[in-house]
Amino acid sequence: MRAVVLISGRGSNLQALLAAERARDLGGDIVGVISSRADAPGLHHAGQAGCPAAIVDASKCADRSAFDAELAMQIDACEPDLILLAGFMRILTDGFVQRYQRRLLNVHPSLLPALRGLHTHRRALADGHTVHGCTVHAVTPELDGGPLILQAEVPVYPDDTEARLAARVLRQEHRIFPHVVRWFADGRLQLEPDRVLLDGRALERPIRVTAEEPLPE
Ligand code: GRF
């Protein structure tokens, strides 16, 4: 199983995926990393792991379709079975999502369908949520709207800061994202446009664990 990881920034999820690959827990190889920013700190993790990295700099592309075309070219050069959005801060166009449908996964820092979009930790605090978390889901043209696969929840404490809550959620992202990739690599997970199947059965709702619980086999 050949995976490509798309990043835009810090790259801690990329780091977790690379660690799982190194430990032979990913079920496949990360054959390329593509960043939408030339200065993404996460590129350093690719370099350290000896993983080929490319930059598709949105600010240097004439328009949206030029960016998509360049990104698609870089992705296709890697011949991936799976494309992982790991903090990739670009909205994907319908055409792009359709081109790669059945092989796109995203990790999002909320218990979807709650808190789609940005600043999820700040909004969880502002809205008085007592439980928060993260989700791995299949990608569809609707932003953060694709079929949900695996979620990890964390408590929100009364004296939480955005940074503390974000760090608590991030630890869980690092746990669940490689785990779902493993399911895909092992041929257990099928991504369809409107549903996902695990071991041949459609998931009616995402599998959800707490931070303390082990992940399901
Ligand atoms: C993560 O919280 C991810 O869920 C969100 O952006 C953040 C990226 O973090 N989409 P990193 O670059 O993987 O450290």
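How many bridges join strand 8 to strand 9? Select residues 196–198, which are strand 9, together with strand 8: three bridges join the two, and they run antiparallel. Strands here are DSSP runs (E, at least two residues) and helices are DSSP runs (H or I, at least four residues), numbered from the N terminus; two strands pair if DSSP finds at least two bridges between them.

This is a predicted model, in which local features need pLDDT of at least 70, side-chain atom pairs count only at pLDDT 80 or more, and totals for chains, interfaces and linings use all residues. Residues are numbered from 1 along each chain as its sequence is written, and side-chain values use heavy atoms, with hydrogens and water left out.

The open sheet has three strands in the order 8-9-10, with antiparallel pairing. Strand 8 (189–191) and strand 10 (201–202) are its edge strands, each pairing on one side only. Now pick Leu 191; its bridge partner in strand 9 is Val 196.

Polar backbone atoms are involved at Gly 11, at 2.7 Å, and at Val 107, at 3.3 Å. Of the 370 Å² of accessible area that the ligand has on its own, the protein covers 86% (Shrake-Rupley method, 1.4 Å probe).

**Two backbone features**

Move to the loop between strand 5 and helix 5 (120–126), where Pro 113 is found. The peptide bond from Leu 112 to Pro 113 is cis, with omega near 15°. Finally, select Glu 79 in the loop between helix 3 (64–77) and strand 4 (82–85). Glu 79 is not a glycine, yet has a positive phi of about 45°. Most residues other than glycine have a negative phi, and most peptide bonds are trans.

Conventions
Polar contact = N/O pair within 3.5 Å; in protein donor to acceptor, adjacent residues only side chain to side chain.
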